[in-house]
Every structure is written in C-alpha cells, then in structure tokens.
Amino acid sequence: MSDKTAQGVEQMSNEQMREAKVHELKTWTNYFRDVLSGNKTFEVRFNDRDFRVGDTLKLREWSVESNSYTGRDCVRTITYVLNSSEFC
C-alpha cells in the first residue's frame with residue numbers, strides 16, 4: 001500500500017470514529033411495552049441523528065393520550081444500522 005493510500009485509510013478511519021452518543025427518543029406506550037417485554041428488539045427510524053453501532057438509545061415512554069412522557073424509560077445499545085436507500 002502506498003503512503004497516500006495508507007494516509008487515506010487512516011484519515012477515513014479517524015473521520016468515521018467518534019465517541020458513542022446517547023440518543024433520547026420518544027416511544028409510544030404500545031411499542032415501549034413490547035421493548036420492555038423483549039418482543040420488540042429493533043427500532044425503525046429515519047437516521048437524522050447519525051445513529052451508529054455502539055450508540056445508546058434512551059427510549060422514553062410517551063403517552064399519545066396525555067401528550068406527555070409517562071416517566072418510564074429503558075436503555076438499549078445499537079447493534080445494527082441499515083443504511084440503504086432501498087428501504088430508507
């Protein structure tokens with residue numbers, strides 16, 4: 001590998017690397033219950049927050065009826081991100 005190629009790989013790796021983030025997200029009650037029970041182990045979201053593997057999701061239960069947070073939350077770690085224009 002040439003010096004330029006190695007430099008490019010190093011630069012790309014540094015740009016892609018960052019500290020893991022914590023993302024706080026509203027989660028409607030019916031979905032929140034399924035996350036807590038283990039029946040729902042995925043989240044489908046538009047990636048407008050730069051979600052990455054290793055980031056943390058703080059899912060906060062949101063009541064549509066009262067238009068407010070219920071006070072319950074749970075924490076999950078992102079293990080996979082689908083970046084495909086075919087589905088996103």
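Biologist: Which residue is the bridge partner of His-23 in E2?
Modeller: Leu-57 is the bridge partner of His-23 there. Keep in mind that this is a predicted model, where local features need pLDDT of at least 70, side-chain atom pairs count only at pLDDT 80 or more, and totals for chains, interfaces and linings use all residues. Residues are numbered from 1 along each chain as its sequence is written, and side-chain values use heavy atoms, leaving out hydrogens and water.

Biologist: Nice. How many bridges join E1 to E2?
Modeller: 7 bridges join E1 to E2 (residues 56-63), and the two run parallel. Strands here are DSSP runs of E with at least two residues, helices are runs of H or I with at least four, and both are numbered from the N terminus. Two strands pair if DSSP finds at least two bridges between them.

Biologist: And what stands opposite Glu-24 in E2?
Modeller: That's Lys-58.

Biologist: Which way do the E1 side chains point?
Modeller: They alternate: His-23, Leu-25 and Thr-27 point to one face and are buried, meaning under 20% relative accessible area with a 1.4 Å probe, protein chains only.

Key. Buried < 20%, exposed > 50% of the residue type's maximum accessible area, 1.4 Å probe, protein only.
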